[in-house]
Amino acid sequence: MNINGHIEKSLARVILVVAVSLMVVGLLSCSKKNVKPPYLDEKEAYERAVKMIENKEYTEGRELLTEVINRDRTKTYAPLAQLKLAESYVKDDEVDLSIEEYRKFLSSYPDNRYAPNAQYQIAALTFSQIEGADRGYKAAESAIREFRKLAELYPRNPYRDVIELRLQKCRNVLAEHEFYVGKFWSHLRQPLGVLISSWRSTVILLPLMRSIITWRCHTRGLRTRTRPGSILIRPWR
């Protein structure tokens, strides 16, 4: 009985030791997964963040890029991190946030060698928001301002040929919008004695036109529904 009891106690101790060891190993492995990798230096942190962005780990990558921006006192990797942060929003289809981050870059590093690229990205992203003559004229006007700013602030930028093409496209959109509004105005045929010399005059008088259109439609039993860049009319109910 004594021998058997000794053997049972030894087995129990072995089982207890093994169980405790497995628990410790499990806890250590879980803790390693939850522990954030240590921040070593700006170069390594920036390179790690770039890989995260490439792997679409946007949240983690942006956190690390922000850390680089805040910690890099030499301003060697901070500008690159700011650009990469803006680029991450482009990849994630967040145009407005991307433009905001590019503006932060220009505000913090206006003389940086990548400043022309940042201004070009702002203009190009604004240009990409043009949706047609009826609703895209505001984006076209904004894009014109941004492309002109690029040409004025950075006359030696490498995008000069592209700028002129994009500006012409924006002008075409504005012209189409003026024709669209003018054509709509001419179809109303109201005898108000207003002489409009060009479609551009129509755009200037657009607020007055909306008031007159609303009055005319009410007198004819129509309902108007207006929004920036368009005037819609449907039967009055």
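**Asn157**

I started with the backbone nitrogen of Tyr159 and found a polar atom of the Asn157 side chain 2.8 Å from that nitrogen. I note here that I am working on a predicted model. The side chain of Asn157 also reaches the backbone oxygen of Tyr154, at 2.6 Å. I placed Asn157 in the loop between α7 and α8.

I counted five aromatic pairs in the structure. For the first entry I took Tyr46 and Tyr77, with ring centres 5.9 Å apart. Their planes stand at 45°, so I logged the pair as tilted. Tyr46 belongs to helix α2 (residues 42-54), while Tyr77 is in the loop between α3 (58-71) and α4 (78-91). The two positions are 31 residues apart in sequence, so I noted that this pair ties together separate parts of the chain. Tyr46 has a relative accessible area of 15% and is buried. Tyr77, at 22%, is partly exposed; the cut-off for buried is under 20%.

Next I looked up Tyr120 and Tyr159. Why did I record this pair as stacked? The planes of the two rings are at 5°, and I noted a centre-to-centre distance of 4.1 Å; planes under 30 degrees apart count as stacked. Tyr120 sits in helix α6 (residues 115-127) and Tyr159 in the loop between α7 and α8 (160-188), so I have a link between distant parts of the chain, 39 residues apart. I found both Tyr120 and Tyr159 buried.

**Glu146**

I then turned to helix α7 (residues 137-153), where I located Glu146. Its relative accessible area is 8%, so I marked Glu146 as buried. Which side chain makes a polar contact with that of Glu146? I found Gln119, at 2.8 Å. Not counting residues up to four places away in sequence, I listed Arg103, Gln119, Ile122, Ala123 and Thr126 as touching Glu146.

**Helix α4**

I checked the length of α4 against expectation. At 1.5 Å a residue, its 14 residues should span 20 Å, and I got 20 Å between the end C-alpha atoms, which agrees. How many of the residues of α4 are buried? I counted 10 of 14, and I described the helix as mostly covered. Among the buried residues I noted Pro79, Gln82, Lys84, Ser88 and Tyr89, along with Leu83 and Leu85. I looked up what the buried residues pack against and got α2, α3, α5 (95-108) and α6. Just after the helix, I found Asp93 with a positive phi of about 60°.

**Arg62 and Tyr89**

Last, I returned to Tyr89, one of the buried residues of α4. The charged end of Arg62 sits over the Tyr89 ring, and I noted a distance of 4.0 Å from the ring centre.

Terms used: Residues are numbered from 1 along each chain as its sequence is written. This is a predicted model: local features need pLDDT of at least 70, side-chain atom pairs count only at pLDDT 80 or more; totals for chains, interfaces and linings use all residues. Side-chain values use heavy atoms; hydrogens and water are left out. Helices (H or I, at least four residues) and strands (E, at least two) are DSSP runs, numbered from the N terminus. Buried means under 20% relative accessible area, exposed over 50%, partly exposed in between (1.4 Å probe, protein chains only). A polar contact is a pair of N or O atoms within 3.5 Å; within protein, one must be able to donate a hydrogen and the other to accept it, and residues adjacent in sequence count only if both atoms are side-chain atoms. Contact means heavy atoms within 4.5 Å. Rings of Phe, Tyr and Trp (its six-membered ring) pair if their centres lie within 6.5 Å; planes under 30 degrees apart count as stacked, over 60 as edge-to-face and the rest as tilted. A charge sits over a ring if NZ of Lys or CZ of Arg is within 6 Å of the ring centre and within 35 degrees of the ring normal. The expected span of a helix is 1.5 Å times one less than its number of residues.
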